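Here are my notes for you, point by point. Have the structure open and click along as you read.

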Amino acid sequence: MNKCAIILGLKEFNLSLDEKRLLQEKKPLGVILFSRNIKNPSQTLGLTQSIKSILGKEAMILIDQEGGRVSRLNTNYWKNYPDANYFGKIANTNLAEAKSLTYENFKDIGSNLNKLGINYNCAPVLDLKIKGASSVIGSRAFSRSPEIVSHLALQACKGLLSENVFPIVKHIPGHGRAKVDSHFYLPIIKSSKKVLQEDFYPFIKLNKQPLAMIAHIKYLDLDREKCATYSKSIINFIKNKLGFEGILFSDDLCMKALKGSYINRARNAIKAGCDIVLHCEPNISNAVKSCDGAGYASKNLIKKIKELNTPN
């Protein structure tokens with residue numbers, strides 16, 4: 001069965017008739033859940049089960065559950081997980097303790113997600129906490145230190161994987177220096193490749209992780225014309241120089257860093273080398289356009305996803 005190389009957002013706590021039709025007709029690889037889709041444990045499990053009844057049990061169900069301000073699980077039913085920087089501060093004085101706490105924290109997140117039928121977490125953040133940058137990353141980053149970020153992010157990945165939840169590391173090749181929020185503007189990073197080695201370091205250290213999300217950022221020393229999402233040369237750099245061989249997601253196509261029609265946004269991202277695009281806003285007509293731009297998932301991608309879901 002052909003699958004569309006896209007992940008879609010949904011509007012509410014249950015699938016609408018239009019959304020059911022969209023999933024049946026376009027057959028996306030999966031969906032991404034937000035706070036607007038999550039009320040309580042039984043409702044959320046019901047939602048993921050209804051999605052899988054249409055897309056199949058291997059459907060990708062994503063969420064951004066980082067902890068701190070990027071938490072989709074509400075605190076009426078789930079604990080208030082700390083942000084990444086909480087662990088980074090501990091690491092400044094006791095790295096071993098910080099690693100242990102990070103692992104246990106993300107293992108607990110993974111356990112909760114697994115119970116809800118959610119099998120992919122768009123976390124951890126591997127970006128650096130850079131002074132003077134946009135607050136869009138801020139405390140979502142473990143640390144300013146590339147070494148600390150690498151150590152703790154690896155523990156976060158291991159914690160999630162121990163509960164059969166796949167981490168999607170982000171935002172490759174590094175969002176930490178962005179002066180503006182890519183939800184609203186296209187960040188342009190002027191730093192040289194030499195300076196950016198710090199930002200690349202955690203992604204090189206974790207390049208064997210199976211999934212990563214690219215940043216909607218223009219890095220002038222990597223490609224003067226195109227932002228990373230649309231840049232063949234940056235995606236080749238990610239694969240060849242940073243050594244990432246896994247599945248590459250775009251960030252949300254609906255973010256204002258990108259311009260143009262949805263069909264072209266999706267098409268350009270796939271053409272550049274993204275394997276899967278995200279369309280997070282719950283607008284059916286726009287989602288259809290993104291589906292048409294994304295086209296069918298390649299056989300190689302379907303094989304990679306199947307391998308992920310096959311126990312060792």
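1. Start with the pair α3 and α4: their axes (lines fitted to C-alpha atoms, for helices over the stretch in contact) come within 7 Å and cross at roughly 155°. Angles run from 0 to 180 degrees between N-to-C directions, and those over 145 count as roughly antiparallel, so α3 and α4 are roughly antiparallel to each other. Helices here are DSSP runs (H or I, at least four residues), strands are E runs of at least two, and both are numbered from the N terminus.

2. Before going on, a word on the source: this is a predicted model, where local features need pLDDT of at least 70 and side-chain atom pairs count only at pLDDT 80 or more, while totals for chains, interfaces and linings use all residues. Residues are numbered from 1 along each chain as its sequence is written, and side-chain values use heavy atoms, with hydrogens and water left out.

3. Who meets whom in that pair? On the α3 side look for F87, I90 and A91, and on the α4 side for L95, E97, A98, L101, T102 and N105; contact means heavy atoms within 4.5 Å. Sorted by class, that contact has 6 nonpolar, 2 polar and 1 charged residues. (Nonpolar is Ala, Val, Leu, Ile, Met, Phe, Trp, Tyr, Cys and Pro; charged is Asp, Glu, Lys and Arg; the others, Gly among them, are polar.)

4. Now follow α4 itself, residues 95-115: its 21 residues reach 30 Å from first C-alpha to last, close to the expected 30 Å (1.5 Å times one less than the number of residues). Its buried residues (under 20% relative accessible area, 1.4 Å probe, protein chains only) include F106, I109 and L113. Among the elements covering the buried residues of α4 are β3 (60-63) and α5 (146-161). Just after α4, check G117, with its positive phi of about 85°.

5. Next, α8 (residues 262-272) and α9 (residues 284-294): they pack at about 30°, axes 7 Å apart. That makes α8 roughly parallel to α9, a label for angles under 35 degrees. The contact uses Y262, I263, A266, R267 and I270 of α8 with N286, K289, S290, D292, G293 and A294 of α9. By class, the α8 contact with α9 has 5 nonpolar, 3 polar and 3 charged residues.

6. Last stop: is I238 buried or exposed? I238 sits in α7 (residues 232-240) and is buried, with a relative accessible area of 0%. Leaving out residues up to four places away in sequence, I238 touches I172, P173, I214, G243 and F244.

Note on methods. Buried means under 20% relative accessible area, exposed over 50%, partly exposed in between (1.4 Å probe, protein chains only). Angles under 35 degrees count as roughly parallel, over 145 as roughly antiparallel, 65 to 115 as roughly perpendicular and the rest as oblique.
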